Amino acid sequence: MNAKLRIAITLVFFSLCIQSSMAQQGLCKGALGENIFKRGDFGSGSANVLGFDPGIAPGYRYSASTPPNDGLYVITNGNASWGSFSATSWVKTKDRSADPNGYFMVVNASFQPGLFYQDTVTVCGNTTYQFSADIINLMLPSFVGYIKPNLSFLVDGKEVYSSGDVPQDAIWRTYGFSFTTPPDAKQIVLSLRNNAPGGLGNDIGLDNITFLPCGPLIKMPDTSYICVSDVFKLMPTIEINDPKSLAYQWQRSTDEGKTWTPIPGANNLHIDIEKPREGQTFRLAAAASATQLNNPSCNYFSYSTVLERKKAPKPKEIVICPGGSVTLAGQVYRDSGYFDVALKTPSGCDSILVHHIIIEDLSRFRIKGDSIICPENFSILDAGNFAKYQWSTGATTDIISIENPGTFSVSVTSVHGCPASHSLVVRARELRGTMTGTDPRCALGKDGSISITNVSGVNRPLVYTLNGKDFQPGNTFNGLVAGTYNATVQASPACKLSRSVTLSDPVAFQLEDVDKISLKQFDSIPLSARANQTIGSYRWSPVEGLSCSDCAEPFAQPLKSGTYTLIASSALGCVDSTNFVFEVIPRHNTYAPNAFSPNDDGENDFFTLFCDRGVALIAHLSIFDRWGNEVFRVQNAKPNGTETRWDGSARGKPALQGLYVWRADVEFVDGETASRSGSVLLLK
């Protein structure tokens with residue numbers, strides 16, 4: 001069994017006589033001692049469930065499987081990953097501590113009420129103790145009508161304290177009480193009983209079992225401020241009629257309250273700390289007697305207090321003017337720096353107040369603004385940020401606007417009353433310059449430019465801008481379209497020269513439109529273009545059917561209707577385009593004789609199709625007799641060739657005289673196709 005897990009839940013006095021003399025009280029209102037149940041937090045571990053039975057619940061069996069059923073319990077660090085009824089009806093929770101792996105006890109109550117936890121502890125007589133435990137009803141608040149846990153704390157088998165019904169609100173709550181033991185008490189047995197029957201509901205989580213000695217409230221500040229001193233007195237306040245009736249022991253910690261060491265001989269209600277140091281931690285232990293003072297089960301403690309050196313306030317800044325002074329604690333100071341002034345605090349300890357004396361240096365005060373002003377411009381003079389201003393113009397503002405040259409002075413006074421003054425001579429200048437514009441070469445072009453040249457009048461860096469945007473050090477602006485621009489050269493905001501410059505579009509380069517052209521297939525015609533300006537270059541497309549693609553007058557011989565496009569440029573590179581639309585009259589004519597006599601007399605000795613130049617291919621030619629028998633066939637033959645001639649024979653013999661029918665499929669050079677048919681008389 002893990003000793004850390006043997007935890008007591010309720011209190012039972014060792015004997016019935018102790019029970020009869022004990023008076024139940026609420027939770028302790030005073031000082032608390034150390035938790036006698038060191039194991040009362042159930043420990044911690046990375047495993048979700050403790051892997052062995054700790055044997056801490058009489059009448060219940062341990063379950064290493066989750067969730068536990070009625071009459072079972074488990075030690076776990078969280079039930080968020082559990083399935084079954086826990087996933088759908090239980091609150092998802094961890095233990096009630098900052099430890100992410102802290103364990104707590106989950107109990108699925110038995111069907112019959114009864115004890116589910118007990119243990120025994122050693123106590124002192126005539127001592128008040130507080131017992132408490134954190135409990136949560138595991139049923140989700142949305143489930144209505146389920147059994148609520150109801151716990152009784154028992155003393156020797158008799159009820160001493162009851163939790164009542166634990167609310168079904170998904171909140172951890174602390175339940176407990178305090179009591180005072182009889183003078184002869186030495187041991188008590190702690191037990192917890194479930195009063196509600198198991199079944200639907202009655203499922204609880206349990207954590208942070210504590211059993212602590214309780215005494216009168218001993219007040220001490222969290223921080224005790226010390227001054228420069230050899231001895232510092234700690235004097236707590238104790239809420240008891242006779243403080244001398246208790247035994248005391250002062251303790252010191254050097255590890256921020258993790259461990260405590262008794263201070264030999266420090267057994268009074270107060271303590272004088274010799275040569276106190278910052279960071280030292282003290283507390284006062286108390287008990288009913290000196291014997292009980294040495295028993296951890298019987299004493300209780302004040303809150304701990306940490307010694308901290310009383311720090312001087314933040315240095316106070318005092319500003320004086322050059323040549324001035326300030327008096328502090330009867331001493332006159334004229335220089336800048338940090339000075340310590342010894343004071344007495346209300347508590348009586350000596351303290352040092354640091355003063356930071358600053359001499360306000362206004363020797364570099366200057367008026368800000370342009371010292372050059374041009375005609376029809378103005379300049380802004382700025383005196384900066386001060387409390388008061390007095391200009392030579394009579395103005396009392398921080399800035400003034402001037403339009404004429406002259407000497408301007410101002411006297412200022414800072415918020416600390418220090419004076420300063422300065423004068424500025426503003427001289428007149430006149431900027432001169434030439435603004436020149438170059439129009440775009442072509443209409444709607446973006447290659448116009450403006451230059452600002454021959455600038456004179458000031459000897460200082462210049463900047464240039466068009467329309468008040470994008471100031472640049474260069475005096476030429478390129479890539480401009482036609483329009484009116486405000487060209488400016490500037491030496492300062494108060495000295496600049498601006499003029500309007502207009503760029504114009506030239507006459508647009510235009511090709512003349514051409515009427516639609518008609519011609520027969522295989523004929524050719526020269527193409528000629530005219531424009532309102534000299535044409536510098538030609539680009540014809542498509543190139544098929546043209547004698548050239550970049551000449552002035554190419555010959556065109558299109559095989560089918562369509563369009564030729566000319567993109568031309570002027571001598572300046574301006575571009576325009578026009579279209580030449582062609583209607584091509586196809587040469588699709590074919591001719592077949594209506595009779596022939598294959599008698600080898602040199603005249604009409606064969607049948608064939610006579611084709612115009614537009615015919616590209618005889619895809620198919622067939623001749624049939626009167627009974628529909630095919631007597632001649634040719635495919636994919638060149639027009640007007642010997643392949644298409646029928647000599648009047650059929651299957652190697654002269655055909656009979658009579659009427660024959662022919663049919664042909666013809667393809668033309670312009671991609672079109674057609675079918676032809678007719679009849680021919682074969683004569684002998």
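Okay, one term before we start: buried means under 20% relative accessible area, exposed means over 50%, and partly exposed is in between, with a 1.4 Å probe and protein chains only. Keep that in mind for Asn467, which is partly exposed at a relative accessible area of 41%.

Some housekeeping. This is a predicted model, with local features needing pLDDT of at least 70 and side-chain atom pairs counting only at pLDDT 80 or more, while totals for chains, interfaces and linings use all residues. Residues are numbered from 1 along each chain as its sequence is written, and side-chain values use heavy atoms, leaving out hydrogens and water.

So, the overall picture. The chain has three helices and 55 strands; those are DSSP runs, H or I of at least four residues for helices and E of at least two for strands, numbered from the N terminus. Along the principal axes, the C-alpha atoms fill a box of roughly 165 × 105 × 40 Å.

How much of the chain is buried? It's 43% of the 684 residues. On contacts, meaning heavy atoms within 4.5 Å: take those with a separation of 6 or more, and 64% of them join residues 24 or more positions apart.

Now the cores. A nonpolar core here is a set of buried Ala, Val, Leu, Ile, Met, Phe, Trp, Tyr and Cys residues joined through side-chain atoms within 4.5 Å. The largest one has 52 residues, and Phe42, Tyr73, Ile75, Met105, Phe116, Tyr129 and Phe211 touch the most other members. Strand β7, residues 128-137, gives the most to this core, with five residues. Apart from it there's another core, of 23 residues, including Leu621 and Trp662.

Asn48 sits in the loop between β2 (31-32) and β3, and at 26% relative accessibility it's partly exposed. What does Asn48 contact, leaving aside neighbours within four places in sequence? The answer is Ile75, Thr76, Asn77, Gly78, Ser81, Trp82 and Tyr103. Asn48 and Pro100 are 52 residues apart in sequence, and 11 Å apart in space, C-alpha to C-alpha.

Next, the backbone details you'd want to check. Which peptide bonds are cis? One runs from Thr66 to Pro67, with omega near -5°, and Pro67 is in the loop between β3 (61-62) and β4 (72-76). Another goes from Ser541 to Pro542, also with omega near -5°; Pro542 lies in the loop between β43 (535-541) and β44 (555-556).

Then there's positive phi in residues other than glycine. Glu256 has phi near 60°, in the loop between β17 (247-253) and β18 (261-262), and Glu256 is exposed, with a relative accessible area of 77%. Back to Asn467: its phi is near 60° too, and Asn467 is in the loop between β36 (463-466) and β37 (469-472).

Last stop, Pro264. Pro264 is in the loop between β18 and β19 (271-274), and counts as exposed at 77% relative accessibility. Pro264 and Gln251 are 13 residues apart in sequence and 8.9 Å apart in space, again C-alpha to C-alpha. That's my tour, thanks.
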